[in-house]
Structures are given as structure tokens and as C-alpha cells.
Amino acid sequence: MNAVGIDVSSRKSTVAVLRPLGEVVCLPFDVTHDIVGLASLAEKLKTIDGETRVVMEHTGRYYEAVAKALHEAGFFVCAVNPLLIKEYGANSLRRVKTDKADAIKIARYALDNWADLRDFTPMDAIRYDLKTLNRQFQLASKQRTASANNLIALLEQSFPGIRKCFDSPVRSDGTQKWVDFAHSFWHVDCVRKQPFAAFCERYRKWCKRHAYLFKLSNAEEVYALAKRAVVLTPKSKVVKVLVQEAANQLISISRSVEVYRAEMDRLAAMLPEYPVVMAMYGVGKSTGPHLMAELGDVRRFPHRSSIVAFAGVDPGVVGSGKMQLSSVATSKRGSPQLRKALFQVVSTYVKCKPENEAVYQFYVKKRNEGKPFYVCTTAAANKFLRIYYARVKECLNAAESAVQTEEG
């Protein structure tokens with residue numbers, strides 16, 4: 001048997017081929033990530049006698065092109081968690097960190113774990129696009145939060161407290177009433193330097209132009225705030241540019257967030273498990289596609305504990321001799337985006353208290369045992385994932401059986 005270890009980087013990879021007992025089949029060599037380089041690697045590996053298995057680290061997106069090319073060439077390809085390779089014994093007191101040494105280390109790991117290696121399965125186009133969209137959605141959401149905080153900080157100097165006068169949600173095009181208002185009325189003098197009747201009429205026309213609901217009480221609240229506000233900066237062109245450009249940035253990134261959200265929901269609806277996931281308690285139009293994007297095809301997990309470990313909400317176990325710790329932090333080695341979605345789902349259970357839901361019953365059980373809040377929420381996330389795994393796996397197996405029956 002031939003173990004091929006590949007240390008992947010951005011533009012090239014280093015490849016080493018070993019056999020049992022440390023026999024070196026091929027000294028480490030470099031391969032470029034292009035059609036010619038990957039095709040030559042596949043041809044070279046095909047000339048080696050015996051069963052060949054290729055192992056590489058699951059790092060970013062760099063490994064995907066190499067894994068896909070070798071998988072399509074007919075090789076057994078396995079992408080493993082980099083933490084497993086890092087913790088694999090180097091059997092040396094010297095610290096050596098080079099691409100060649102890493103490729104050899106990965107090949108030795110493949111030999112020692114030959115029977116436990118799992119074949120790489122490329123994601124279908126929909127799941128791949130959904131995961132990419134989700135990552136862009138998360139990035140845009142962080143940028144929107146930063147932009148909103150920046151605009152609020154600027155308004156605290158020119159129109160303090162105006163944000164709290166509006167509670168309208170974000171619309172589908174990314175616009176929000178308080179942001180549009182700040183763009184037009186960027187300083188308190190834009191409001192209080194005119195009589196209330198004139199401002200009220202101007203505000204009414206502004207609401208009509210931007211398709212917002214006009215309320216006289218809201219106009220009175222804004223005018224009263226402007227009258228008593230103490231500002232740090234006078235009305236000037238510089239302040240106008242700062243506030244309006246900050247508002248434009250927030251509107252632009254909010255529009256991107258809403259476009260990503262709608263496209264994620266459209267793609268997720270094309271997957272067979274969509275109705276099952278969306279029917280689960282606590283799952284909404286944001287968290288549903290989010291979970292489906294991060295978890296992918298759950299059939300790639302051999303059992304329930306695998307998906308829990310993948311999410312990083314598995315409880316740790318620490319014990320040695322008579323010492324047994326009863327409370328150990330979770331591993332948190334999986335996707336942080338996935339844990340965020342799980343926490344949002346569990347928060348819905350905690351707030352709404354659905355007595356008939358198994359996840360909430362499990363949460364209450366842990367609370368009655370005296371467990372801290374975050375321990376209970378993590379345990380509830382663990383429970384939710386196990387239910388998710390069972391229901392979605394059953395749905396996918398049923399859909400696959402239906403397809404096979406129609407083709408047969």
C-alpha cells in the first residue's frame with residue numbers, strides 16, 4: 001500500500017509517497033496547482049504499483065482543487081482536520097517545520113490510520129454555492145455591524161439619541177428608517193432651526209418620498225429631542241460629509257446582506273432537506289440556510305457524535321488517576337459560524353419556553369440539576385444537533401431512494 005502525503009499551500013503543494021516500515025517510494029517534490037501540474041501528479045501516482053491513498057489537510061479552500069482533481073482521476077482521497085496532523089507524533093526532539101517534512105508526516109499519518117481514512121466526496125454545486133454565500137453573508141453582517149456603530153458614533157456628536165427614536169426593521173432592499181433619516185437630517189440644526197409645523201410638514205413629505213409611515217407622535221419626539229440636545233460639533237460641510245457617507249456605507253452593506261440572505265434562502269429551498277429543517281422549532285429564514293450551509297450533507301458523518309464534534313459543542317473529558325473533572329469546557333474546534341447559529345436557535349427555545357419540545361425539556365433538566373446557563377445552552381445545542389442529524393439523514397435517504405426508484 002502507498003500513502004501519499006500532500007502538504008497544500010496557495011499555489012503549489014509538496015508531495016511525498018511512503019510505504020510501510022518507512023520505505024520511501026518518492027522523495028518529496030513540488031506540484032503546481034494548475035491543469036498541467038495536477039494532471040502530471042495523477043499520471044505519476046498511477047505508475048506506482050499497489051493500492052494508493054492520498055491524504056491532505058483540510059485547510060481553507062486551497063486543498064479543494066487538488067482533492068477534486070485526484071478524486072476525478074480515480075484515487076482514494078482523504079482530507080483530514082489539520083489538528084489531527086498537528087497532534088500526530090513527530091517522534092523527534094527537534095522541531096522541524098518545512099513543506100517536505102510536513103508531507104512526510106502526513107504520509108506517515110496515512111499509514112498509521114489506513115483503516116480509518118474516509119474517502120473525500122466533493123460537495124455538489126448547490127451546497128458549495130450555499131456555503132460560499134453563507135461565508136460572504138457572515139462577513140457582510142460583521143461589516144454592517146461595524147458600519148452601524150460608526151454611524152451611531154458620528155451621530156452622537158451631531159444628533160445624539162436620534163437612533164432610539166426609530167424602531168422600524170431593515171427592509172428587503174437593505175434600507176432602514178433611522179439611517180435614511182440621518183442621511184437627510186444629519187444635524188440637530190436641520191430640525192430645530194425651523195418651527196415645528198414646518199418640520200412636521202417636511203418630515204411628512206420625507207416619509208412619503210421614502211415610503212415610510214408618518215406618525216405625528218414620532219415627529220414630536222424627534223423635534224423635542226433636537227430642541228434639548230447638546231451637540232459637540234457645529235453644523236458644517238465636514239459633518240455633513242462624514243454623516244452622509246457613513247449612512248451611504250451602511251445602506252450599501254445592508255443591501256448586500258439582504259441580497260445574500262434572499263439568495264441563500266433560494267438555494268437552500270432547492271435542497272431536499274429544506275422543508276424538514278425549516279419545520280424544526282427555533283429555525284428561521286436566516287438560521288435554516290445557515291445550518292444547512294455549514295453542516296452540508298449530514299450523511300458524511302458516520303454517527304451522531306461526529307456531527308457534535310464537528311460543531312465543537314461536544315463536552316470535554318479530563319481525568320487522571322483519582323482526579324476526575326466534572327466540568328470541562330467544550331472543544332470549540334468546529335465552525336464558529338455554526339456554533340453561532342446553534343446558539344441563536346437555542347436562544348429561541350430559552351425565550352419562548354416551548355414545553356412540548358425535547359430540546360427545551362433537556363435544557364430545563366440541566367437547569368434543574370444546577371448547571372450554569374452556558375453549560376445548559378451548550379447541552380441544548382448538542383441535543384438539537386442530534387435531532388437535526390436524525391431527521392435530515394432520514395430525509396436525504398428517503399429522497400435518494402425515491403430517485404433510485406424512479407431511475408429503476
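In what follows, a salt bridge is a side-chain nitrogen of Lys or Arg within 4 Å of a carboxyl oxygen of Asp or Glu. On that criterion, the structure, which is a predicted model, holds 14 salt bridges.

Let me start with Lys12. Its side chain forms a salt bridge with Asp30, and the closest N and O atoms are 3.8 Å apart. Lys12 belongs to strand β2 and Asp30 to strand β3, residues 23-32, so this pair links distant parts of the chain, 18 residues apart. Lys12 also meets Asp99 in a salt bridge, at 3.6 Å from N to O. Because Asp99 lies in helix α4, this second pair ties together parts that are 87 residues apart in sequence. Through shared partners, Lys12, Asp30 and Asp99 are joined into one network. How exposed are these residues? Lys12 is partly exposed, with a relative accessible area of 30%; Asp30 is partly exposed at 48%, and Asp99 is partly exposed at 32%.

Asp99 brings us to helix α4, residues 99-112. This helix has 14 residues and reaches 20 Å from its first C-alpha to its last, close to the 20 Å expected. Its buried residues are Asp102, Ala103, Lys105, Ile106, Ala107, Tyr109, Ala110 and Leu111. What covers them? The cover includes strands β1, β2, β4 and β5, together with helix α3.

A further salt bridge joins Arg261 and Glu258, with the closest N and O atoms 3.3 Å apart. The two residues are three places apart in helix α10, so they are separated by about one helical turn. Arg261 counts as partly exposed at 23% relative accessibility, whereas Glu258 counts as buried at 12%.

I turn now to the nonpolar interior. In soluble globular proteins, nonpolar side chains tend to be buried together. The largest nonpolar core here has 79 residues, and Phe159, Phe181, Phe384 and Tyr388 touch the most other members. Helix α10 contributes the largest share of this core, 11 residues. The contacts of Phe384 include Met280, Tyr281, Leu342 and Tyr349. A second, separate core of 22 residues includes Cys26, Leu41, Met56 and Val77.

Finally, the surface. Phe343, Phe373 and Tyr374 form a nonpolar patch there, with about 320 Å² of accessible area together. Tyr374 lies in helix α16, residues 373-407, and counts as exposed at 59% relative accessibility.

Definitions and conventions: Residues are numbered from 1 along each chain as its sequence is written. This is a predicted model: local features need pLDDT of at least 70, side-chain atom pairs count only at pLDDT 80 or more; totals for chains, interfaces and linings use all residues. Side-chain values use heavy atoms; hydrogens and water are left out. A nonpolar core is a set of buried Ala, Val, Leu, Ile, Met, Phe, Trp, Tyr and Cys residues joined through side-chain atoms within 4.5 Å. Buried means under 20% relative accessible area, exposed over 50%, partly exposed in between (1.4 Å probe, protein chains only). Helices (H or I, at least four residues) and strands (E, at least two) are DSSP runs, numbered from the N terminus. Contact means heavy atoms within 4.5 Å. Patches are made of residues with over 30% relative accessible area and no salt bridge: like charges are joined within 9 Å, nonpolar side chains (Val, Leu, Ile, Met, Phe, Trp, Tyr) within 5 Å. Accessible areas come from the Shrake-Rupley method with a 1.4 Å probe; for residues, only the protein chains shown count as cover. The expected span of a helix is 1.5 Å times one less than its number of residues. Lists of a residue's contacts leave out its neighbours within four places in sequence.
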